[in-house]
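Reader: I am new to this structure. Please pick one part and look at it closely. Define each term as you go.

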Amino acid sequence: MDNVFISQLLGTPPRQSRFTEILDGLVRRTFPWIRIDSVWRSKWRMGNIELRTHLFHILTQLITFEVPGDIVEIGCNSGESSVILQKIIQDMDPSRQLHVYDSFQGVPKPSHHDKDVYAIGDMSASEEQFRKNFESVGLQLPIIHAGWFEETLTSSQLPEKIAFGFIDCDLYDASLLALNKIYPLLSLNAICFFGAYSDPESNAAITTKSCFKSPGIKRACDEFFRDKPEKISLLLTGTHTSGYFRKSI
Ligand SMILES: C[S@@+](CC[C@H](N)C(=O)[O-])C[C@H]1O[C@@H](n2cnc3c(N)ncnc32)[C@H](O)[C@@H]1O
């Protein structure tokens, strides 16, 4: 399977110019409740080509090597990555299900671990938009779990086994909750991937946008993996870094 469908379905998102990045940063610092970057973002605005390529390689590999289980995306927003995951599932192994989870109201109140990077309601996309986006690319809808993770990441709404967990919810509380719920369900050799994972000590990425730093994610992982055998590895993702671990027990 080639991965050209990614740009065929979603286009290639333009990189933000240095000028608009600086303007965004200035406006955010002066008027934190104003988000001017949405003016020049396209309909598919969350990921970049590197992130999409990571998703492609990880999921095709897990399916090829027959790691058992379904696929979950914790924080699906308008479905930009969900479309890629669903396309791969439909083409390679339609017996697997994609489950997506989101409040469809953006992020809740951040905790002190998140260091003011986000405000309530940031990154909101409606369930209607999610459905429309799937319709526009002609793919079957995944199983949608709408609501706060505290209510939806339950044994009745999670699959029994997970081959690929994509945790992409930006905040400390949500990431820690997702890890606690997903980890026991991951099959041996399953992969769990974090869309944005920043480790300031790695000096690995040119992280220009504060939202990609998402400090709460690393804090949640540091806490969670203190007594686990796995550790997070970084992946370069254009403007930032992502992280992943492979379940080893
Ligand atoms: C970065 S976006 C996800 C992007 C998506 N994975 C993609 O690649 O297009 C983060 C999403 O997490 C959701 N979210 C964050 N915390 C949440 C919580 N506690 N409960 C439900 N949804 C939450 C937000 O609504 C937002 O849509």
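Author: A nonpolar core is a set of buried Ala, Val, Leu, Ile, Met, Phe, Trp, Tyr and Cys residues joined through C-beta atoms within 7 Å. A residue is buried if 20 or more other C-beta atoms lie within 10 Å of its own, exposed if 12 or fewer, and partly exposed in between; the C-beta atoms are placed from the backbone. This is a predicted model: local features need pLDDT of at least 70, side-chain atom pairs count only at pLDDT 80 or more, and totals for chains, interfaces and linings use all residues. Residues are numbered from 1 along each chain as its sequence is written.

Start with the core. The largest one has 56 residues. F164, I167, A178, A190 and C192 have the most contacts inside it. Two residues are in contact if their C-beta atoms, placed from the backbone, lie within 7 Å. Strand β5 gives the largest share of this core, 6 residues. Helices (H or I, at least four residues) and strands (E, at least two) are DSSP runs, numbered from the N terminus. The protein chain has 9 helices and 7 strands. Buried residues make up 40% of its 249 residues.

Now take I167. Leaving aside neighbours within four places in sequence, I167 touches I74, S175, A178, L179, I182, C192 and F194.

Next comes helix α9, residues 215–224. G216, I217, K218, A220 and C221 are its buried residues. Their cover includes α7 (172–182) and β5 (186–194). The axes of α7 and α9 lie 8 Å apart, at an angle of about 35 degrees. Axes are lines fitted to C-alpha atoms, for helices over the stretch in contact; angles run from 0 to 180 degrees between N-to-C directions. On the α7 side, Y172, S175, L176 and L179 make the contact. On the α9 side, G216, I217, R219, A220, E223 and F224 do. By class, the contact has 6 nonpolar, 2 polar and 2 charged residues. Here Ala, Val, Leu, Ile, Met, Phe, Trp, Tyr, Cys and Pro count as nonpolar, Asp, Glu, Lys and Arg as charged, and the others, Gly among them, as polar.

For contrast, look at S233 in strand β6 (residues 233–237). S233 is exposed, because 11 other C-beta atoms lie within 10 Å. Beyond its neighbours within four places in sequence, S233 is in contact with G243, Y244 and F245. S233 and F193 are 40 residues apart in sequence and 9.6 Å apart in space, C-alpha to C-alpha.
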